[in-house]
Amino acid sequence: MIQHWLQLSLPSGIGPILGRRLIDAAGSAESATQLTRRELAQIEGIGLSKAQAIADSLTVAESDAILQLSKAADHGAKIISPDDDLWPSLLKPLPAAPLVLFIMGALEPRDLNSFAIVGSRRCSHYGREQAERFAALLAGAGFAVVSGGARGVDSAAHRGAMLHAHGRTIAVLGSGLDVPYPPENKPLFDQIITRGALISEFPFGTPPNAENFPRRNRIVSGLSRGVLVIEADERSGALITARLANEEHGRPVFALPGRVDNPMAAGSHLLIRDGATLVTKLEDIISALDPLPDDVHQPELFPNDTQPEKSAIIPPSNLSDRQQLILSQLGSDPAAVDVIIDKTNLPAPAVLQELTFLTLRGLLKRADGQTYIKV
């Protein structure tokens with residue numbers, strides 16, 4: 001039950017790593033909440049001195065969990081745990097992943113293809129413009145754009161994603177979902193709820209304390225197939241996200257170059273110096289992402305669009321009808337996007353997104369500009 005995951009997540013003395021140790025020792029979240037002082041003392045990282053305090057905090061957290069469930073219902077929010085089918089699959093293998101997520105809006109299967117854009121709160125006009133531009137391009141290529149809901153680059157990225165008719169965006173907050181921060185972004189968050197999701201690991205009523213944001217950053221990275229840093233100075237929290245992506249999550253890091261005399265670009269330039277992929281166009285991102293694993297189910301991008309006739313399909317395994325149709329129109333000669341659109345009679349946004357996914361799967365490659373060839 002989600003109540004037991006909540007009960008483990010709420011005490012200040014139990015973080016995600018220790019919480020999972022309790023679950024592993026007890027066999028389930030429910031059993032973990034009922035561990036005795038003696039049983040707790042035998043778990044690595046606790047010992048006799050901490051066991052009683054943890055047992056007491058779990059008892060207090062029982063009523064707190066019930067209160068959080070009530071608040072979630074009042075706000076139209078969901079609370080999910082790793083036991084839920086909705087739990088983001090990219091978060092599952094991460095050892096410090098949260099025990100629960102509070103969600104307003106909706107996560108969808110296609111959010112597997114998420115990409116993070118992060119950067120300075122005090123970004124330049126150029127930084128804001130490029131964050132919006134790349135978010136719109138990524139949304140058009142079938143990615144849900146993930147960011148932290150902050151001022152500056154984050155806000156521009158969320159807005160840019162929603163410029164596309166089918167664009168989705170996910171904002172990960174460093175406060176409770178009922179404590180919008182920054183407060184002036186409340187209208188933006190309301191819009192995001194209709195076009196994606198607001199997410200937080202923090203319970204309702206949690207203020208935006210400074211220590212919350214590094215924890216927030218690991219979720220931004222963990223949800224994403226890669227991270228693009230638009231503008232960041234040398235002490236920016238965006239660099240924390242980039243480090244987590246590269247060193248702990250094994251995700252590629254990208255950076256947009258800026259003016260050499262702009263201190264807000266110093267962090268981005270350091271990332272490029274240290275091996276981040278320099279980005280000037282969408283293709284720089286697409287070409288550097290790893291293919292999707294063969295065992296990952298590829299979700300439908302536009303489930304309500306008209307599907308192609310089955311007779312037009314050549315059946316490679318584990319592909320949607322639309323992806324098979326596009327593959328059937330490609331051969332050893334490069335084909336331009338507009339030609340593919342004409343041959344398949346599919347909507348242009350759908351073709352662009354499917355071409356991106358087929359490229360990520362390693363079935364197509366970009367020949368030149370907007371032309372593609374079958375691998």
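## Cavities and core of the fold

Eleven is the count of residues around the largest cavity: of these 11, Arg-110, Gly-142, Phe-143, Ala-144 and Arg-168 lie nearest its centre. The model is predicted. By class, this lining is made up of 4 nonpolar, 4 polar and 3 charged residues. The structure holds 2 cavities of 30 Å³ or more. The second largest cavity is lined by Leu-91, Leu-94, Ala-96, Ala-97, Pro-98, Arg-218, Ile-219 and His-249. Rolling a probe the size of a water molecule over the atoms shows where empty space is left.

| Cavity | Volume | Lining by class |
|---|---|---|
| Largest cavity | about 70 Å³ | 4 nonpolar, 4 polar, 3 charged residues |
| Second largest cavity | about 40 Å³ | 6 nonpolar, 1 polar, 1 charged residues |

In strand 4, Ala-144 is the bridge partner of Ser-114.

How are the two faces of strand 4 (residues 144–147) covered? On one side Ala-144 and Val-146 are buried, and on the other Val-145 and Ser-147 are buried. In a regular strand the side chains alternate between the two faces of the sheet.

Strand 4 pairs with strand 3 (residues 114–118) in the parallel sense over 3 bridges. Together with helix 6 (residues 125–140), strand 3 and strand 4 form a right-handed β-α-β unit. On its other pairing, strand 4 joins strand 5 (residues 168–172), also in the parallel sense, over 4 bridges. From strand 4 the chain passes through helix 7 (residues 153–163) to strand 5, and this β-α-β crossover is right-handed.

Helix 7 contains Asp-154. Is this charged residue buried or exposed? Asp-154 has a relative accessible area of 5% and is buried, because a residue counts as buried under 20%. Leaving aside residues up to four places away in sequence, Asp-154 touches Ile-117, Val-118, Gly-119, Ser-147, Gly-148 and Gly-149. Of these contacts, Ile-117 and Val-118 fall within strand 3 (residues 114–118), and Ser-147 belongs to strand 4. Asp-154 and Ala-171 are 17 residues apart in sequence, and their C-alpha atoms are 8.6 Å apart in space.

These strands are part of an open sheet of 9 strands with mixed pairing, in the order 1-2-6-5-4-3-7-8-9. Strand 1 (78–80) and strand 9 (277–278) stand at the edges with a single partner strand each, so one side of each has no neighbour in the sheet. Elsewhere in the sheet, strand 7 (residues 227–229) and strand 8 (residues 253–255) pair in the parallel sense over 3 bridges. Val-227 has Val-253 of strand 8 as its bridge partner.

Just after helix 2, Gly-27 adopts a positive phi of about 100°.

Key: Residues are numbered from 1 along each chain as its sequence is written. This is a predicted model: local features need pLDDT of at least 70, side-chain atom pairs count only at pLDDT 80 or more; totals for chains, interfaces and linings use all residues. Side-chain values use heavy atoms; hydrogens and water are left out. Buried means under 20% relative accessible area, exposed over 50%, partly exposed in between (1.4 Å probe, protein chains only). Two strands pair if DSSP finds at least two bridges between them. A crossover is right-handed if, with the strands pointing away from the viewer, the path from the first strand over the helix to the second runs clockwise. On a 1 Å grid over the protein atoms alone, a cavity is a set of points where a 1.4 Å probe fits but cannot get out, and a pocket is an open set with protein on both sides within 12 Å along at least five of seven lines; lining residues have an atom within 4 Å of a point. Grid points are joined across faces, edges and corners, and a volume is the space filled by probe spheres set on the points. Ala, Val, Leu, Ile, Met, Phe, Trp, Tyr, Cys and Pro count as nonpolar, Asp, Glu, Lys and Arg as charged, and the others, Gly among them, as polar. Contact means heavy atoms within 4.5 Å.
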